[in-house]
Amino acid sequence: MELLDIWVGCFNIAPEVINAKQHSYAVDYWALGVIIYELMMGKRPYSGTNRKEYKEKLLSTNVQVKECPWSDEAKDIINLLLQRKEENRLGSRDNSEVKSHPWFKSINWNDLENMRLSAPFAPNSVNLFNSDR
């Protein structure tokens with residue numbers, strides 16, 4: 001069984017994991033880049049008709065967002081997080097690189113870490129599972 005067969009359905013795995021190389025927490029920043037890309041662009045950064053094709057594209061092509069419907073900061077953070085080479089990826093040296101990126105400028109990291117921020121959206125939990133609706 002090749003390594004790729006293990007990650008069926010996981011499209012945010014970093015190249016170094018797919019290549020079974022030693023890796024660090026920078027793989028999490030790759031995954032963050034994939035998630036931001038999917039939310040902003042409405043599709044996956046890589047595509048393929050099968051796992052082999054997906055793997056080949058991921059390992060041979062750099063994602064480079066040239067236009068983003070949201071902001072230049074969004075485009076920049078996606079491009080910096082989706083660097084195939086771990087050492088070039090935003091956050092690979094220190095998480096402060098990610099925290100200080102302009103896309104996160106409105107986040108008070110101290111308040112977030114100390115759970116002093118309110119969620120921007122809170123569903124009405126009373127009616128979530130009410131079958132009478």
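Start with a term: a nonpolar core here is a set of buried Ala, Val, Leu, Ile, Met, Phe, Trp, Tyr and Cys residues joined through side-chain atoms within 4.5 Å. Buried means under 20% relative accessible area, exposed over 50%, and partly exposed in between (1.4 Å probe, protein chains only). This is a predicted model, where local features need pLDDT of at least 70 and side-chain atom pairs count only at pLDDT 80 or more, while totals for chains, interfaces and linings use all residues. Residues are numbered from 1 along each chain as its sequence is written, and side-chain values use heavy atoms, leaving out hydrogens and water.

**Stop one: the core.** Select Trp30, Ile78, Leu81 and Leu82; of the 24 residues in the largest nonpolar core, these touch the most other members. At least two core residues come from each of helix H2 (26–41), helix H3 (51–60) and helix H4 (72–81), with H2 giving the most, seven. Helices are DSSP runs (H or I, at least four residues), numbered from the N terminus. Now centre on Leu82: beyond residues up to four places away in sequence, its contacts (heavy atoms within 4.5 Å) include Trp30, Tyr37 and Val63.

**Stop two: H2.** Colour this helix by burial and you'll find Ala26, Val27, Tyr29, Trp30, Ala31, Gly33, Val34, Ile36, Tyr37 and Met40 buried. Those residues pack against helix H1 (15–18), H3, H4 and helix H5 (96–99). Just past the end of H2, click Gly42, which has a positive phi of about 75°.

**Stop three: Arg89.** Head for the loop between H4 and H5, where Arg89 sits. Is Arg89 buried or exposed? Arg89 is buried, at a relative accessible area of 0%. Show its surroundings: leaving aside residues up to four places away in sequence, Arg89 touches, among others, Glu16, Tyr29, Trp30, Leu81 and Glu97.

**Stop four: salt bridges.** The rule is a side-chain nitrogen of Lys or Arg within 4 Å of a carboxyl oxygen of Asp or Glu, and it gives six salt bridges. Pick Glu97 again: it pairs with Arg93, closest N and O atoms 2.9 Å apart, and Arg93 is exposed at 54% relative accessibility. Next, Lys99 meets Glu113 at 2.6 Å, N to O. That pair links distant parts of the chain, with Lys99 in helix H5 and Glu113 in helix H6 (residues 109–113), 14 residues apart. Finish at Arg44 and Glu38, whose closest N and O atoms are 4.0 Å apart. Arg44 is partly exposed at 42%, as is Glu38 at 31%.
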